[in-house]
Amino acid sequence: MARTVTNVVVALSALYTLVFGVWMWGWPRQFADYVNFPRHEHFLHDLGAFHLGIGIALVAALIWRDAILVALVGLAAASLIHTVNHAMDSHLGGAASDPYVIGAQTLVAVVGIVFRVRHLRTRQAKEQAR
């Protein structure tokens with residue numbers, strides 16, 4: 001029972017953060033108007049990116065039970081969207097190198113995911129061989 005309740009809470013939390021993340025990222029002005037927040041498009045894009053990353057990490061937690069993998073998936077998702085933000089919002093400020101620097105973090109997270117999945121598969125194969 002406790003596991004079911006926990007999974008429902010995680011799923012509802014994922015839905016909540018994903019819906020708000022999409023709203024902030026896709027329609028920042030409308031979101032700002034609705035919550036009476038300043039209309040700073042880039043910061044709302046970033047806030048949406050991080051909400052999406054958290055939502056994706058929550059979904060990943062329903063699929064995988066490995067905390068490191070879940071954290072890396074959430075980081076990679078948020079970082080990728082954050083990279084896109086800096087590329088598409090370059091006219092709003094920031095350094096020209098921002099998409100590349102943030103994109104490098106995305107690549108590091110993806111490399112971490114690949115190595116973690118390999119490690120988990122190797123460990124699982126060893127356990128099954130016993």
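Hi everyone, let's start with R116, which sits in helix α5, residues 98–129. Helices here are DSSP runs of H or I with at least four residues, numbered from the N terminus. Before I go on, this is a predicted model, where local features need pLDDT of at least 70 and side-chain atom pairs count only at pLDDT 80 or more, while totals for chains, interfaces and linings use all residues. Residues are numbered from 1 along each chain as its sequence is written, and side-chain values use heavy atoms, with hydrogens and water left out.

Back to R116: is this residue buried or exposed? R116 has 17% relative accessibility, so it counts as buried, the cut-off being under 20% relative accessible area, with exposed meaning over 50% and partly exposed in between, for a 1.4 Å probe and protein chains only. Setting aside residues up to four places away in sequence, R116 touches D66, I68, L69 and L72, where contact means heavy atoms within 4.5 Å.

That takes us to D66, in the loop between α3 (41–63) and α4 (67–88). D66 is buried too, because its relative accessible area is 14%. Beyond its neighbours within four places in sequence, D66 is in contact with R116 and L120. A polar atom of the D66 side chain also lies 2.8 Å from the backbone nitrogen of L69.

Two packed helices are described by the angle between their axes and the distance between the axes. The axes of α3 and α4 come within 8 Å and cross at roughly 160°; they are lines fitted to C-alpha atoms over the stretch in contact, with angles from 0 to 180 degrees between N-to-C directions. That makes α3 roughly antiparallel to α4, a label for angles over 145 degrees. Which residues make the contact? On α3 they include F50, L52 and I56, and on α4 they include V70, V73 and I81. By class, this contact has 13 nonpolar, seven polar and one charged residues. Nonpolar covers Ala, Val, Leu, Ile, Met, Phe, Trp, Tyr, Cys and Pro, charged covers Asp, Glu, Lys and Arg, and the others, Gly among them, are polar.

Last stop, L92, in the loop between α4 and α5. L92 is partly exposed, with a relative accessible area of 42%. Not counting residues up to four places away in sequence, L92 touches E41 and H42. L92 and H40 are 52 residues apart in sequence, and their C-alpha atoms are 9.4 Å apart in space.

Conventions:
Helix = DSSP H or I, 4+ residues; strand = E, 2+ residues; numbered from the N terminus. Polar contact = N/O pair within 3.5 Å; in protein donor to acceptor, adjacent residues only side chain to side chain. Parallel < 35°, antiparallel > 145°, perpendicular 65-115°, else oblique.
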